[in-house]
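Hi,

Here is the structure I said I'd pass along.

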Amino acid sequence: MSNGNDRGQWQSRAGFIAAAAGSAIGLGNIWRFPYITGKYGGGAFVLVYIIFLIIVGYPIMNAELILGRKTQKNAVGAFRTLAPGTPWSIVGWMGVAAGFIILSYYSVIGGWGIAYIFKTATYMAKNADHVNIFINFITNPTAPLVWHAVFMAITVGIVMAGVEKGIERYSKFLMPALFIILLILIVRSVTLPGAAEGLAFYLKPDFSKLTAEALLAAMGQVFFSLSLGMGCMITYGSYLSKNEDIPINSIFIVASDTLIALLAGLMIFPAVFAFGMEPGTGPGLTFITVPAVFNAMGTGGAFFGILFFILLVIAALTSAISLLEVVTAYVVDEKKWDRKKAALVVGILIFIVGIPTSLGQGIWSHIRPIRGLDILDSYDFIASNVLLPLGGMLIAIYSGWFWGTEKMREEGNLGAKSIKLGGFFDILIKIISPICIFIIFLNSIGILKV
Ligand code: PHE
């Protein structure tokens, strides 16, 4: 199973798109995007987000898929193949590390989601105190760990089954399910009396909130949401055949990810306002405000609440699969392990590394490793604000300046039909995106304060 010829390959274009969009669409869209949009000025933030998406997200999406398909290797192997004997493989390493770290806490939150499918059914009592329900749950030292284990076990099971029979097969049925559930919830939400106010809050631009911090958040969100900067798309690109159209597929992935993020806001804000809740509750928006909204809906609320958390878990699962696949593909390709053993052992290790992030909500909440953040937020800070942008910048610099845009375009345009990568792409990947990331990155780690 582990020799390079038998690594697996996507069976259809739809299968690849489902898997790659499944990776991109995740907690980042359903949970993170709506609350940071609310925090940083609604429509104004969305505008900046879309600009970064085009000038940074799109070129790096292409670059990663191209590196993967060219080398047919994992994140580390891709650099080892193209730049043997140079330090560039460190970029792949950083990616594997980021995948490891992100999945460890992602799975904890995914576990909360599974627990809430059941909790929503039982806590639909009148006047339930959703703040306390949530706090009591996440501060409990054991229950969330059990759900973390359940979430990880499902992820491991799918990755063990392989690229076609696991990742592709499940993504092809989970992603349409996600879309249908989202549409049902939006229709319910925007038809509530008082929903218009929520729409206005969500979409009306407030440029006064567009601070340097907001720009940083937008950039970090682009990387996190598109699964970029850590070799995830290198890995998924490595299972692409030569006649697949990379520039168009990249547009598809970027567009569907953005559409779902925008729709998630459309689902949440009208409902939040219709029931007079507080929209700026930060990360708690999903687990506190949303259940409270469904609760307030009365009849039918439990049904929509359960649907919401099923949606959340599906989104999280298809992303978790891709995170585990980054590390698994590395072990399979480079260490020649059997896929099943690799996925299982890596999954168990990631589960263990995730335990402190769960305990950090309760008995270990006094541990604040970085900038006063709890353990989960510290992991997230290292991965999303440091490793992903740094990885993305190095991927852009490597592809544009070292491997060279000519070779990139040659590979990227194989199979490209309607749009071909040309001079504009060269400028984006060589100059614009690395410079943008660099400025924002320095700002984020506090060296440069804009
Ligand atoms: N893109 C996923 C989300 O939005 C998270 C993720 C990040 C997945 C990096 C893979 C790699 O939730």
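This is a predicted model: local features need pLDDT of at least 70, side-chain atom pairs count only at pLDDT 80 or more; totals for chains, interfaces and linings use all residues.

**The ligand site**

Let's start with the ligand. It has 14 residues around it, and Ala-24, Gly-28, Tyr-106, Phe-224 and Ser-227 are the closest of them. If you sort that shell by class, you get six nonpolar residues, eight polar ones and no charged ones. Four helices each put at least two residues into the shell: α1 (13-24), α2 (27-39), α10 (212-226) and α14 (301-335).

- Gly-28 has a backbone N or O atom 2.8 Å from an oxygen atom of the ligand.
- Ser-225 also uses its backbone, with a polar atom there 3.1 Å from a nitrogen atom of the ligand.
- Ser-227 comes in through its side chain, where a polar atom is 3.0 Å from a nitrogen atom of the ligand.

How much of the ligand's accessible area does the protein cover? On its own the ligand has 330 Å² of accessible area, and the protein covers 100% of that.

**The cavity that holds it**

Where does the ligand sit? In the largest cavity, whose volume is about 130 Å³. In total, the count is four cavities of 30 Å³ or more.

The lining of the largest cavity is made up of 17 residues, and those nearest its centre are Ser-23, Tyr-106, Phe-224, Ser-227 and Leu-323. Tyr-106, Phe-224 and Ser-227 are also among the residues closest to the ligand. The helices α1, α5 (89-122), α10 and α14 each contribute at least two residues to it.

**The second cavity**

The second largest cavity holds about 110 Å³ of space. It is lined by 13 residues, with Met-267, Ile-268, Ala-271, Val-290 and Phe-294 closest to its centre. Two or more lining residues come from each of α8 (163-190), α12 (246-274), α13 (284-296) and α14.

Which helix gives the most to this lining? That would be α12, with four residues. As for class, the lining of the second largest cavity has 11 nonpolar residues, one polar and one charged.

Cheers

Methods:
Residues are numbered from 1 along each chain as its sequence is written. Side-chain values use heavy atoms; hydrogens and water are left out. A residue is near a molecule or strand if one of its heavy atoms lies within 4 Å of it. A polar contact is a pair of N or O atoms within 3.5 Å; within protein, one must be able to donate a hydrogen and the other to accept it, and residues adjacent in sequence count only if both atoms are side-chain atoms. Accessible areas come from the Shrake-Rupley method with a 1.4 Å probe; for residues, only the protein chains shown count as cover. On a 1 Å grid over the protein atoms alone, a cavity is a set of points where a 1.4 Å probe fits but cannot get out, and a pocket is an open set with protein on both sides within 12 Å along at least five of seven lines; lining residues have an atom within 4 Å of a point. A molecule sits in a cavity or pocket if more than half of its atoms lie within 2 Å of its grid points. Ala, Val, Leu, Ile, Met, Phe, Trp, Tyr, Cys and Pro count as nonpolar, Asp, Glu, Lys and Arg as charged, and the others, Gly among them, as polar. Grid points are joined across faces, edges and corners, and a volume is the space filled by probe spheres set on the points.
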